[in-house]
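Hi,

Have a look at it first, then read on.

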Amino acid sequence: MSKSATRLSSSGTPQTDSRAVVVGMPLPRGLVQVLLTTPAHREPDPEAGVLRVRLRHQSTAADRRLEPLLDALNASCTGYLRTDLPLGYELTA
């Protein structure tokens, strides 16, 4: 099965890798596609100082594979455009 991921190089240009790897484990292409097409709800939480991104629950197996990705994204403290709020990803039912 072919896997690919596009990442930005240090110069900001897209580079395609042979496979997507998150926290030392490959992510199946189908799982990435499901994640990118799953509806997400964004809700600002000013008290916690975070913009919550709630992703719909997939399946137990898929959720187990997504958890390290979401943990890595949360640890990156990536801010939302033109705000001081970092994104906080979570799975919901």
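This is a predicted model: local features need pLDDT of at least 70, side-chain atom pairs count only at pLDDT 80 or more; totals for chains, interfaces and linings use all residues.

Let me start with aspartate 63, which is buried yet has no salt bridge. The nearest side chain of opposite charge belongs to arginine 64, and that is 8.3 Å away. Aspartate 63 sits in helix H2. Once you set aside neighbours within four places in sequence, its contacts are His57, Gln58 and Leu91.

Mean pLDDT for the chain is 75, with 71% of the residues at 70 or more.

On the overall layout: the chain has 2 helices and 7 strands, in the order β-β-β-β-α-β-β-α-β from the N terminus. Of its 93 residues, 20% are buried. Among contacts with a separation of 6 or more, 44% are between residues 24 or more positions apart. The exposed surface comes to about 6500 Å², with 53% of it supplied by carbon and sulfur atoms.

What makes up the largest nonpolar core? It has 10 residues: Leu31, Leu35, Leu51, Val53, Leu55, Ala62, Leu66, Leu69, Leu70 and Leu87. Helix H1 (29-37), strand S6 (50-56) and helix H2 (60-76) each give two or more of them, and H2 gives the most, with 4 residues.

Now the charged pairs. A search of the whole structure turns up 4 salt bridges. One of them joins glutamate 43 to arginine 54, with the closest N and O atoms 2.2 Å apart. That pair links distant parts of the chain, since glutamate 43 is in strand S5 and arginine 54 in strand S6, 11 residues apart. Both ends are partly exposed: glutamate 43 has a relative accessibility of 35%, and arginine 54 has a relative accessible area of 21%.

Another salt bridge runs from arginine 52 to glutamate 90, where the closest N and O atoms are 4.0 Å apart. Arginine 52 is in strand S6 and glutamate 90 in strand S7, so this pair ties together parts 38 residues apart in sequence. Glutamate 90 is partly exposed, at 25% relative accessible area. The side chain of glutamate 90 also meets that of arginine 54 in a salt bridge, 2.5 Å from N to O. Here too the partners lie in S7 and S6, so parts 36 residues apart in sequence are tied together. Through shared partners, Glu43, Asp45, Arg52, Arg54 and Glu90 end up in one network.

Last, two threonines in loops. Not counting residues up to four places away in sequence, threonine 38 touches Arg56 and Gln58. Threonine 83 lies in the loop between H2 and strand S7 (87-92) and is partly exposed, at 35% relative accessible area. From threonine 83 to valine 50 the C-alpha distance is 9.9 Å, with the two 33 residues apart in sequence.

Cheers

Notes:
Residues are numbered from 1 along each chain as its sequence is written. Side-chain values use heavy atoms; hydrogens and water are left out. A nonpolar core is a set of buried Ala, Val, Leu, Ile, Met, Phe, Trp, Tyr and Cys residues joined through side-chain atoms within 4.5 Å. Buried means under 20% relative accessible area, exposed over 50%, partly exposed in between (1.4 Å probe, protein chains only). Lys and Arg count as positive and Asp and Glu as negative; His and the chain ends are not counted. Contact means heavy atoms within 4.5 Å. pLDDT is the predictor's confidence in each residue, from 0 to 100. Accessible areas come from the Shrake-Rupley method with a 1.4 Å probe; for residues, only the protein chains shown count as cover.
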